[in-house]
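Work through the exercises below with the sequence and the model side by side, and try each task before reading its solution.

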Amino acid sequence: MTELYNAPLLAAASIAPFATIDELSGGGAVLVLAPHPDDETLACGAAIAAAAEAEIEVRVAIVTDGSRSHRASARFPAERLAALRRREVTRAVSILSEGRVTPIWLGYTDLAAPEDEATFLELAGRLGDLSRISAIWTTWGGDPHPDHLRSWQLSHWLSARLGIQVWGCPVWGRLGTSWPVPRAIRRFASDPWRQRKARAVEAHVSQMTRLIDDDPSGFMMPPGLKNHFIATDEIFIRP
């Protein structure tokens with residue numbers, strides 16, 4: 001995984017200024033928009049833990065059901081896999097927040113996160129009272145995955161209507177070389193919550209292990225990359 005640590009974004013993030021949880025939350029409640037079950041933990045799990053510990057309201061919404069990570073599995077067809085991933089993310093978020101937060105399951109089909117304004121309106125109505133939200137944390141627009149990009153677009157749509165700040169937390173985008181390195185990068189020091197984040201990552205058993213062993217082409221997080229997400233400070237990017 002040597003090439004991972006040479007990625008330009010990671011190099012820039014390693015010397016970026018640190019951000020406090022108050023700066024990242026904007027002084028009020030936080031809405032986390034995770035494209036898939038596990039993105040909430042990988043992208044900003046330590047910050048979720050810190051916010052919950054500071055008694056900042058955190059709302060975690062899981063946009064898609066993650067049902068296509070193992071498309072060829074006979075043991076875990078889409079409906080069963082979605083149910084498993086819902087249990088996993090509920091456990092992960094409970095670990096991060098020490099039982100304070102239960103995720104909102106939006107249930108759009110994996111690889112079909114909403115991208116049109118009519119669906120954005122419908123989705124926003126399922127997120128509860130948004131008047132207390134002062135910041136949105138979501139995946140970064142440089143993440144090369146359609147659901148990640150659409151969650152970023154949804155965040156901007158909400159931001160424009162609510163007048164609140166958005167932070168992008170790169171998942172797959174941290175590995176890329178095609179995007180210019182953004183200037184508005186902050187680091188969140190995750191040391192105090194690293195063990196909790198590690199437990200939350202491991203709660204996503206279907207993605208971190210070969211639990212689903214009848215689809216050799218199905219996704220499994222490479223161990224080196226999993227350890228990277230746990231061991232490094234989290235990255236927050238302002239548009």
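On a 1 Å grid over the protein atoms alone, a cavity is a set of points where a 1.4 Å probe fits but cannot get out, whereas a pocket is an open set with protein on both sides within 12 Å along at least five of seven lines, and lining residues have an atom within 4 Å of a point. Grid points are joined across faces, edges and corners, and a volume is the space filled by probe spheres set on the points. The model is predicted, with local features needing pLDDT of at least 70 and side-chain atom pairs counting only at pLDDT 80 or more, while totals for chains, interfaces and linings use all residues. Residues are numbered from 1 along each chain as its sequence is written, and side-chain values use heavy atoms, with hydrogens and water left out.

**Exercise 1. The cavity**

Find the volume of the largest cavity and describe its lining.

Step 1: there is one cavity of 30 Å³ or more, and the volume of the largest cavity is about 40 Å³.

Step 2: its lining includes Val 32, Asp 39, Cys 44 and Trp 137. With Ala, Val, Leu, Ile, Met, Phe, Trp, Tyr, Cys and Pro taken as nonpolar, Asp, Glu, Lys and Arg as charged, and the others, Gly among them, as polar, the lining divides into seven nonpolar, two polar and two charged residues.

Step 3: helices (H or I, at least four residues) and strands (E, at least two) are DSSP runs numbered from the N terminus, and H4 supplies four residues, the largest share of this lining.

**Exercise 2. The core**

Identify the residues of the largest nonpolar core that touch the most other members.

Step 1: a nonpolar core is a set of buried Ala, Val, Leu, Ile, Met, Phe, Trp, Tyr and Cys residues joined through side-chain atoms within 4.5 Å; buried means under 20% relative accessible area, exposed over 50%, and partly exposed in between (1.4 Å probe, protein chains only).

Step 2: among the 42 residues of the largest core, Cys 44, Trp 137, Phe 188 and Phe 236 touch the most other members. Helix H4, residues 39-53, contributes the most to this core, with nine residues.

**Exercise 3. The rings**

Classify the ring pair of Trp 167 and Phe 236, and then that of Phe 188 and Trp 193.

Step 1: rings of Phe, Tyr and Trp (its six-membered ring) pair if their centres lie within 6.5 Å, with planes under 30 degrees apart counting as stacked, over 60 as edge-to-face and the rest as tilted. The structure holds five aromatic pairs.

Step 2: the rings of Trp 167 and Phe 236 have centres 6.2 Å apart and planes at 80°, so this pair is edge-to-face. Trp 167 lies in strand S5 and Phe 236 in strand S7, 69 residues apart.

Step 3: the rings of Phe 188 and Trp 193 have centres 5.6 Å apart and planes at 25°, so this pair is stacked.
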